[in-house]
Number of protein chains: 2
Amino acid sequence: MQTALECIPCFVRQALEAARFVTDDPALHERLLREVLGTTARMDMSHCPPVVACQIHRTLRDMTGVADPYSAIKDRFNRMALDMLPELSAMIAESQDPFGLAVRLSIAGNVIDLGVDGGITESIARQSIKNTLHEPFEGDTNELKQSIDAADRILYLADNAGEIVFDRLLIEQMPTDRVTLVVRGGPILNDATIEDARSAGMCELVEVIDNGSDAPGTVLEDCSEAFKKRFAQANLVISKGQGNFETLSDNQANISFMFKVKCPVIASHTGYAMGTHVLMSPSVVDH
Amino acid sequence: MQTALECIPCFVRQALEAARFVTDDPALHERLLREVLGTTARMDMSHCPPVVACQIHRTLRDMTGVADPYSAIKDRFNRMALDMLPELSAMIAESQDPFGLAVRLSIAGNVIDLGVDGGITESIARQSIKNTLHEPFEGDTNELKQSIDAADRILYLADNAGEIVFDRLLIEQMPTDRVTLVVRGGPILNDATIEDARSAGMCELVEVIDNGSDAPGTVLEDCSEAFKKRFAQANLVISKGQGNFETLSDNQANISFMFKVKCPVIASHTGYAMGTHVLMSPSVVDH
């Protein structure tokens, strides 16, 4: 999926928010913003949005020397999600459709996306997750369950810190010995890395690997050879979040996409209204 | 009021929206956007937002050769407002506080601002105006009435097309022989020019002049000598809209500002929540 021109003002906003996570110095904010404007003016827009975002955030890290601007906020959202975990686990245990509810909660966790809204607070995220069953949902959870039951090698591509705790609820409903969880190879926005998987208690539950890339999606040409091999061998890929969708929606693999529609470009591309919680079964994705 | 860094992503969005009003050619949209990004990267940000916006829109006009990208949409909003006029005039005539209601409706008309939201539709604007009495309002309409009664020379600085029809409702409540309506000196965004004043029936009601500038605000140093003289002679200035506030909030003249708070930068600068309808009496403005 190519970068749309509508993505550009969003990148500029995102860069300013990231700059403010790194430093309180307004002169540095301005310098960073000017640099990003200049870079974006010359940028190849034929790539998908996470490739462009990745270049912008590399620039920010180079200019500030701060490797992980979102470190503190990732910890906060992990803690918030872990705090909600016992209550949500109990809800799933009591549900008549535990798998279906776990899918819904995992997609609800996708609201914790600082790329889309750098101002999202814990209380907004908490409320949004609690409201999840009243949100519009599109998808067939039974179909996903059948795909999982039929698959030997399942790759679960995580998206964000905090959200990864909600993924745990879903992975607990899956045959964990056949699931490998994949996180980003380096810090980018609030995307989950190996530290977040560890905080979420994932490393005791399933095999966890990283994809070797610091793009906020799965840009295969930027990933490690080891990951690419695993991706090619998987017979089911479960892909969380808009960034993974943007980078893999044209891929021919057997991928089930799960995300909340959070921007007009994705809404227009998928045909789903803003705010919709989407589960796309492999057969539904248009290749 | 200086341009905030938060204004920059907003300028980029505005430029893309303006480009789309001018042409359907995606290659030209991209070229315009790149040009604006490059220009903004090097821009002096010590100016107020309308000065920066003015430079960006001059670039757009130069590159496309289209003098007034918003011409058709200005006409549409003028017609929509004229269509609502009889009903609103009747409401005012029947009101126990005609002046107060006219103030509220005139501020409600400030929702028609394509600089803030290029996607605003007639039905959204219509609904918003109808809801005006339920919107939060800050200000003292009696105080404004007293200032008007005491003033010989009143300058009323209009803001947008469409909105100018709602200004007519307020000006009809004023001593029209002492009021001069001021419009922009040239097309910029959907700001009202002399044609819009004419469409709104203002030229038969009061003296109408233009300020000689195509900034989306009142940038005195960019205005004509004739306007500057009138500004200096006025003993009351009524200033509509965020753009006029941004450019005149530091001015020492006797100015009453009226606008709807439509962006976080203005909300933070004024201390009023987003969406508030504000009437600032001269004595209230912090000099």
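**View 1. Buried residues of helix α1(B).** The buried residues of α1(B) include B:Cys7, B:Ile8, B:Pro9, B:Cys10, B:Phe11 and B:Val12. B:Arg13, B:Gln14, B:Ala15, B:Leu16, B:Ala18 and B:Ala19 are also among them. A residue is buried if 20 or more other C-beta atoms, placed from the backbone, lie within 10 Å of its own; 12 or fewer makes it exposed, and anything in between partly exposed. Helices are DSSP runs of H or I with at least four residues, strands are E runs of at least two, and both are numbered from the N terminus. This is a predicted model: local features need pLDDT of at least 70, side-chain atom pairs count only at pLDDT 80 or more, and totals for chains, interfaces and linings use all residues. Residues are numbered from 1 along each chain as its sequence is written, while chains are lettered from A and ligands numbered from 1 in the order written.

**View 2. Surroundings and length of α1(B).** 12 of the 16 residues of α1(B) are buried, so the helix is largely enclosed by the rest of the structure. Its buried residues pack against α1 and α2 of chain A, and against α2 (26–41), α3 (49–64) and α12 (264–270) of chain B. The helix covers residues 7–22 of chain B; at 1.5 Å a residue it should span 22 Å, and its end C-alpha atoms are 22 Å apart, which agrees. The expected span is 1.5 Å times one less than the number of residues.

**View 3. The contact between chains A and B.** On each side the contact has 16 residues: 16 of chain A meet 16 of chain B. Contact means C-beta atoms, placed from the backbone, within 7 Å. On the chain A side, α1 and α2 (26–41) each give two or more residues. The largest share, eight residues, comes from α2(A). By class, the chain A side has nine nonpolar, three polar and four charged residues. Ala, Val, Leu, Ile, Met, Phe, Trp, Tyr, Cys and Pro count as nonpolar; Asp, Glu, Lys and Arg as charged; the others, Gly among them, as polar.

**View 4. Packing of α2(B) on α3(B).** The two helices α2(B) and α3(B) pack at an angle of about 145°, with axes 10 Å apart. Axes are lines fitted to C-alpha atoms over the stretch in contact, and angles run from 0 to 180 degrees between N-to-C directions. From α2(B), B:Leu32, B:Glu35, B:Val36 and B:Thr39 meet B:Ile56, B:Thr59, B:Leu60 and B:Met63 of α3(B). These contact residues divide into five nonpolar, two polar and one charged.

How values were computed:
Contact = placed C-beta atoms within 7 Å.
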